[in-house]
Each structure stands twice: as C-alpha cells, then as structure tokens.
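Colleague: Could you walk me through how to read the features of this structure?

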Amino acid sequence: MLKSLESRIVNELFDLREAGRHRSLHSTVVRGARMWLESKEVLHFSSNDYLALSFDHRVREAAQAASHEYGAGATGSRLISGNHPEIEGLEAELASWHGAEASLVFSSGYAANVGVLSALVRSDDVVFSDELNHASLIDGCRMTRARVVVYRHADVQHLEQLMRETPCRGQRFVVSDAVFSMDGDIAPIAELIEIARLFEAVVILDDAHGVGMLGRRGAGTLENFGIVNVDDIVYIGTLSKALGAEGGYVAGRKILIEYLVNRARSFIFSTGLSPMVASSARKARSIAELEDWRRQKVLSLSSALRTSLQQLGYVVRGGETPIVPVIVGDEHSSLTISRHLMSYGIYVPAIRPPSVPEGKCRLRFSLTAAHEMTDVRLVIDVLKDWKPSR
Ligand code: PMP
C-alpha cells in the first residue's frame, strides 16, 4: 500500500480508537433466541429474524431443495442470465401479498433503497426526508444530487411547513422508514400520504421492519393501517428481517418496475438473488402470511418487556413493534449496561453514534418468536438490580 494512504488510514483508526468509536467484528452463529458469540452461548436480543423463520425446518428444506436443483448462485445479473424462475415466482407472490401490480427483487434492502432513489429522483427535484431515516435512504438521497430537506422525526406539521416553504421546479418526494429501526416506532403514514397528496409529492416508504411483522397477513405497515391503494406509493421491503432470508424489493405499478429494471443501477449491475435464497424467501413469506400466532407472540413479548422496563423507571422508546430501545444516554453507560447483561449471558447490543445521534445511546432489544416469557423475565430481573457505577 502507498505510504501516504497507509498513514491516512492509521491516523483515522487511531482517532476512532481515541474517541471510543472503533468497531471490530465478532464471530456469531445465531439459532433462534440462542447465539454463539465467539463460541460462547448466550441468550440474545439482537436479530431481525422477528418471526424465527430463518432456522424454520420448512424454510431450510426449501433452500436445500433449491440449491440441489439450481446450485448456489444466480450466475449472472438479472438482465443477462440471472433471472431465475424462483425469483420471478417470488416477485409475483410479493406483488400479490402487497396488492401491487408488480414487484422487483434486489440483492439487499440497501441496494433497493439506493437503487430506487437514484433512479427516480432528478437534480431539480426536492426530497423531504425524516431525520431518523435509515442510512440506506440517506445514501440514496446523496446519490441523487437533488435538494434534500430533512424534517423532524415523524413531525407531519414540520413536514407540511417545509413543503410550503421550499420551492421545487421538479418533483417532490417524501421519504420515510415505515418502522424506524433504532427507535422501533411507526411513521404516521396516513398523514404523510395526505400531506404528500396536497403537494403532489410521491411517497417512498421503506418497510424493512414492517414486512412480515405487521398487518393481519403480515403484509406490513400499510396493511396494518388498512391502506390498500399502494399504487401511489413506492413501497420498499426486505427479505432479510422477518422473512429470515436476504434481499430487498420494491412493489408498485408495472410501469415503475419496468423503469427500475432499466434505470436502477444497483439492480442492473449486480448479480441476481440466489435461487436458493429466493426459494427460502418464498417459503418464509407463505408461512409469515398464514401463521399470525408468530406476530402475536413477538408483539406480546415486546409489549411485556417494554411495560416492565418502563415500570422500573427506564426510558423506553418504540411502538407496537418487536424493537424495544432503552435510552441510556452516553456511550460509556450504554456499554456498561450491555456488558452487565452479558455477565448474565444475555446479549443486547449497545447502539452508539453514528447509528444514533450523540447523547442518545441505547440498548436495542429486538424480540423474536423464538423467545419465551422466561427470557423476558430474566432480562427484567437483571435490570431490576442494575445500578450504574459512574
Ligand atoms: N432499511 C432499514 C430501515 C433497515 O433497518 C435496513 C437494515 N438494517 C435496511 C433498509 C437494509 O436492508 P438489508 O439489510 O436487507 O440490506
């Protein structure tokens, strides 16, 4: 490596360490509510496999059969040789689940978000973006060269005021997570849609954490709110959370999908999803649609955890979702409390900047259908007696 580049990297890593922001990878094997962290078995509250489908035997059998039949990978990008019938089947099922005309699968939720934004938004457009939107939406906005106006989190009045004040020669877009990953709350979607209509803005919704998890059939946040007309919305979901697989997708009008096939660079220049993964996602999706008990179980566990922690005096964020963030404040305290839980064999990640704003460090509990009430009680017992040593 060139000396000049190496010294730049060394200095930056040093600064990260000095600031307590240096991160490193740990080896993890997750199976339901158990995790082997550097080979040590722990109870964990850290995965997005909300419905516990990643290790479901039917999902694994689907993956096994597909890999046996079709091999490990798609072998090419979708427009060349990687458009496998398993992916097309998955897209048809996703579209019908969401009541959309069509859908398009990307290799990840991240790729879907940056692909959609960079393809749809032009430089004379204006994007109105919630301040707590996921990094992939922020990165997608940065790729557009359009003006990005950030509104206060879930504050529809602020959004409306900014929309009135901001001139726009092109198209307006309102971009929001449907469920906020670090706060666990749900966006005021009906109001966002209403304001967007007033200004003829297009709503782009990232429902990564709502897909499979919310709504009676698990069709996500729109179903949860009884919003049936998805034609006006650019709806983005992932296969990587409640569906336990990987990949992202967009559901909407046929013409939108046709456009993205031709214009979304993260779609065009990337290998198609593995047929094995597509097949697992299809199985997981059909289970998610039918087995409502999984959603009910996770939601009742997360609600029990949230209420008990609040009763103990903790500041807990979030809504009717499996994400239960406990706001701790500074980095030191959040790491200390995370380590304290770890000493009881419970892994809950401490979330720090840049994932959350300065001073808003937190423990982020995420629950799954593989957890039991005894697991929740264990956490409450440990946190009941925890006294920060400052
Ligand atoms: N959107 C949100 C809100 C997310 O939380 C995530 C993943 N953390 C993504 C998009 C990206 O999805 P994927 O992991 O499938 O790339």
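Predicted model: local features only at pLDDT ≥ 70, side-chain atom pairs only at ≥ 80, totals over all residues.

Colleague: Where does Pro-354 sit, and which residue does a cis peptide bond join to Pro-354?

Modeller: In general, most residues other than glycine have a negative phi, and most peptide bonds are trans. Here Pro-354 lies in the loop between strand E14 (350–351) and E15. Its cis partner is Pro-353, with omega about 15°.

Colleague: What about phi of Ser-39?

Modeller: Ser-39 has a positive phi, near 70°, and belongs to the loop between strand E2 (34–37) and strand E3 (40–44).

Colleague: How is the protein divided into domains?

Modeller: Domain bounds come from an automatic or database domain assignment. Domain 1 covers 24–51 + 292–385, and domain 2 covers 57–290. Their centres, taken over C-alpha atoms, are 26 Å apart. The contact (heavy atoms within 4.5 Å) takes 22 residues from domain 1 and 24 residues from domain 2.

Colleague: How much area do domain 1 and domain 2 bury between them?

Modeller: Buried area is the accessible area (1.4 Å probe) that two parts lose on being put together, summed over both. For this pair it is about 1,700 Å², 57% of it on carbon and sulfur atoms.

Colleague: How many salt bridges does the rule find across the interface of domain 1 and domain 2?

Modeller: A salt bridge is a side-chain nitrogen of Lys or Arg within 4 Å of a carboxyl oxygen of Asp or Glu. The rule finds two across this interface. Separately, the side chains of Asp-183 and Arg-362 form a salt bridge at 2.8 Å, N to O.

Colleague: Which elements give two or more residues to the side of domain 1 that touches domain 2?

Modeller: They are helix H12 (292–311), strand E12 (323–329) and strand E15 (361–366). H12 gives the most, with five residues.

Note on methods. Residues numbered from 1 in each chain as written. Heavy atoms only, no water. Helix = DSSP H or I, 4+ residues; strand = E, 2+ residues; numbered from the N terminus.
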